[in-house]
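Dear colleague,

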Amino acid sequence: MRLVTSGVSKRFQGVTAVSDVSLECASGEIVGLIGPNGAGKTTLLNLISSLLRVDAGTITLDGRPVHNIGPRRIALAGVARTFQNIRLCPNLTVRQNIAIAYTTAQRHRRERLGGLTIERLMDQLGIAQSAEYKASELAYGTQRRVEIARALALAPDFLLLDEPTAGMIEGETQELVSAIMEIRDWMGCGVIVIDHDLSFITNLCERIYVLDMGRLVASGPPSVLRDDPKVAEIYLGRKARRQAAPSSTAT
Ligand SMILES: Nc1ncnc2c1ncn2[C@@H]1O[C@H](COP(=O)(O)OP(=O)(O)O)[C@@H](O)[C@H]1O
Ligand SMILES: [Mg+2]
C-alpha cells in the first residue's frame with residue numbers, strides 16, 4: 001500500500017504551518033520527518049490522521065482520497081498514530097487502554113495479522129509487566145510505549161509516531177529502534193516517525209524528509225543529513241547555534 005500527500009497545505013490565521021508538502025510512505029517502509037520546532041511536523045501528522053482539514057492538496061491511500069474524512073474513519077481505514085503530548089486515559093490500566101483500541105478495530109484487520117492479541121502487543125513493546133498499572137502511574141517512556149501498543153491494536157497499515165523518544169532515557173531509545181523494526185517486520189506496516197533525536201532517526205529510517213517553516217526542504221537516505229548543505233544550515237546549523245547559546249529556550 002502507499003500513503004501519499006500531494007501538495008498539502010494548512011494555514012492557521014496568519015501562519016502557514018504546512019506549505020505544499022508532498023511525501024509518501026509505502027508498506028514496510030520507515031520514514032523520518034525532522035525539522036526545527038514549529039516546522040509543521042505535527043501539523044502534517046494531524047492532517048494525515050484527519051484531526052485537521054487540509055486547505056489544499058490531497059492525501060491518498062492507494063490512490064483513494066482520505067483527507068478530511070475525520071479521525072475515526074482514517075483509523076478504521078488503517079492509519080493509526082501516537083501524540084506528541086501523550087493522550088492515554090490516565091485512570092485506566094495499560095491493558096484497558098490498549099483494549100479500547102483493540103475492540104475498535106474491525107475484526108478483518110486483526111485477523112489479517114493472525115496472532116494479534118493484546119498480550120502479544122504488550123510483549124512486543126516490553127510493557128507486559130505494567131499491564132495492570134494505571135497509565136498515570138507509569139514513567140514517561142513507558143507511557144509512550146503504551147501509546148504505541150494502543151495505536152498498533154488497530155492493526156494499522158500505517159503507523160504515525162510523533163516524538164516517540166521524548167522522555168526516554170538512552171537505553172530505552174535504542175530498544176525502541178529494535179521494537180519498531182520488529183513491528184514493521186511482523187505487521188508489514190509503513191511507519192512515519194517524527195523525532196528530535198537524530199541518531200534515533202538515522203538508525204531507524206530508510207528515508208528522511210526535512211521540513212522547515214512548513215516547507216519540505218530536503219529528502220533522501222539518512223546521509224542527506226550530512227551531505228545536504230541546506231539541511232546543515234537549516235537544521236543542524238540552527239541547532240548548533242542554539243547549543244552555543246545556553247540562555248536560549250530551545251526544547
Ligand atoms: N492549532 C493551531 N493554531 C494555531 N497555530 C498553530 C496550531 N498548530 C500549530 N500551529 C502553528 O503552526 C506551526 C507549526 O507547528 P507544529 O506543526 O506544531 O510544528 P512542529 O511539530 O514541527 O514543532 C507553528 O508556527 C505553530 O505555532
Ligand atoms: Mg511537533
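For sorting residues, Ala, Val, Leu, Ile, Met, Phe, Trp, Tyr, Cys and Pro count as nonpolar, Asp, Glu, Lys and Arg as charged, and the others, Gly among them, as polar. With that sorting, the shell around ligand 1 divides into four nonpolar residues, six polar and one charged. The shell, whose members have a C-beta atom, placed from the backbone, within 6 Å of the ligand, includes Phe12, Asn37 and Lys41. Its largest share, three residues, comes from H1.

Please bear in mind that this is a predicted model, in which local features need pLDDT of at least 70 and side-chain atom pairs count only at pLDDT 80 or more, while totals for chains, interfaces and linings use all residues. Residues are numbered from 1 along each chain as its sequence is written, and chains are lettered from A and ligands numbered from 1 in the order in which they are written.

Helices (H or I, at least four residues) and strands (E, at least two) are DSSP runs, numbered from the N terminus. Four strands form an open sheet in the order E2-E1-E4-E5, with antiparallel pairing, where a pair needs at least two DSSP bridges. Between E1 (residues 2-12) and E4 (residues 56-61) there are five bridges, and Thr5 has Ile59 as its bridge partner in E4.

Elsewhere, Val94, Asn97, Ile98 and Ala101 in H3 meet Val146, Ala149 and Arg150 in H6, contact being C-beta atoms, placed from the backbone, within 7 Å. The residues of this contact of H3 with H6 divide into five nonpolar, one polar and one charged.

Best wishes

Technical notes: Contact = placed C-beta atoms within 7 Å.
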